[in-house]
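Please look over this model with me before we discuss the ligand site. My notes follow the display.

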Amino acid sequence: MTSRRSSLDASAAHAGGFFLDDTPTEEVDRREAVLESLAGTVRDLVDAAIRTTVEDEEVLRVRDDLAALVARLRASQLPGPAGVRFNADRRSWNWGNAVVGAANGIAPPLRVVHGPDGCHADVRLGAAYEGPPGLVHGGVSAMLLDHIMGETASGRRRTAFTGTLTMRYRRGTPLGPLRLEARVVREEGRKIFVDGSISDAGGVTVEAEGIFIQPAGTPEFPRT
Ligand SMILES: CCCCCCCCCCCC(=O)SCCNC(=O)CCNC(=O)[C@H](O)C(C)(C)COP(=O)(O)OP(=O)(O)OC[C@H]1O[C@@H](n2cnc3c(N)ncnc32)[C@H](O)[C@@H]1OP(=O)(O)O
């Protein structure tokens, strides 16, 4: 069995809350694809567990089979959460992130597209994200908007943390295909003001305004 600890822990040097990691980009890409495929199946499992109607005995047999699979993955583990890492190529990876983490079966995941006027993401939310019947949980909407708005504020050249996030839920957001959008409205020193929205085929369901703060002393890189 291969352990990942040597390349993903021993080589990592802490840098402003992020980890500089000397894993080559090619290896990061390969590992990410493998973890992504596992997370896809985990996501399918979560949906299947919510919606299954098989008999109790079969549910319990599946539970026992899954426990054995979990033990195999636990044979070699990071000591804590996955964190955010980047290498000398400025390839970054945050595989545990709740919204975009490639290895996180809880993440929808959101695929954020950076454009000249902001960011957008198309996502399909299923049964695992339900709040009111057939509708997206309000906290999930806030989480997804928080992330895409934070990435928009960060602009792939700095880190910006959420200071204040204000939500307006205009109508219920149906489970299914959705579009998220975010754009920077203005900047004042280290404060970045961002607007965001979630829409379904019928238009906007949720609007958000956020103030994102670049923490003092954190670096800013040239735009890529
Ligand atoms: C793979 C790569 C991924 C990279 C991309 C990653 C995208 C991630 C997106 C996810 C976003 C998140 O969930 S982030 C996680 C949730 N957020 C957090 O945990 C943040 C917790 N809070 C903090 O760490 C801190 O309070 C900060 C960083 C927000 C601010 O601390 P600070 O830097 O010391 O700020 P400070 O000097 O006091 O203030 C600077 C200016 O900001 C204002 N200010 C300070 N706090 C706030 C506030 N909460 N709301 C509004 N404004 C504020 C001040 O009035 C001041 O304005 P003036 O006097 O200059 O006018």
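How many helices and strands are there in the protein chain?

1. The protein chain has four helices and ten strands. Helices here are DSSP runs of H or I with at least four residues, strands are E runs of at least two, and both are numbered from the N terminus. In sequence order the pattern reads α-β-β-α-α-β-β-β-β-α-β-β-β-β.

2. Some ground rules. This is a predicted model, where local features need pLDDT of at least 70, side-chain atom pairs count only at pLDDT 80 or more, and totals for chains, interfaces and linings use all residues. Numbering starts from 1 along each chain as its sequence is written.

3. On overall dimensions, the C-alpha atoms fill a box of roughly 60 × 50 × 25 Å along the principal axes. Of the 224 residues, 23% are buried (20 or more other C-beta atoms within 10 Å of the residue's own, with C-beta atoms placed from the backbone).

4. Now the ligand. The shell around the ligand draws on both domain 1 (1-106) and domain 2 (110-213), so the ligand lies between them. The domain bounds come from an automatic or database assignment.

5. Which elements supply the shell? At least two residues each come from α4 (138-154), β7 (161-169) and β10 (203-213). The most come from α4, with five.

6. There are 20 residues around the ligand, and Ser92, Gly150, Gly163, Thr164 and Ile213 come nearest. A residue is near if its C-beta atom, placed from the backbone, lies within 6 Å. By class, the shell holds six nonpolar, ten polar and four charged residues. Nonpolar covers Ala, Val, Leu, Ile, Met, Phe, Trp, Tyr, Cys and Pro; charged covers Asp, Glu, Lys and Arg; the others, Gly among them, are polar.

Definitions and conventions: Buried ≥ 20, exposed ≤ 12 C-beta atoms within 10 Å, placed from the backbone.
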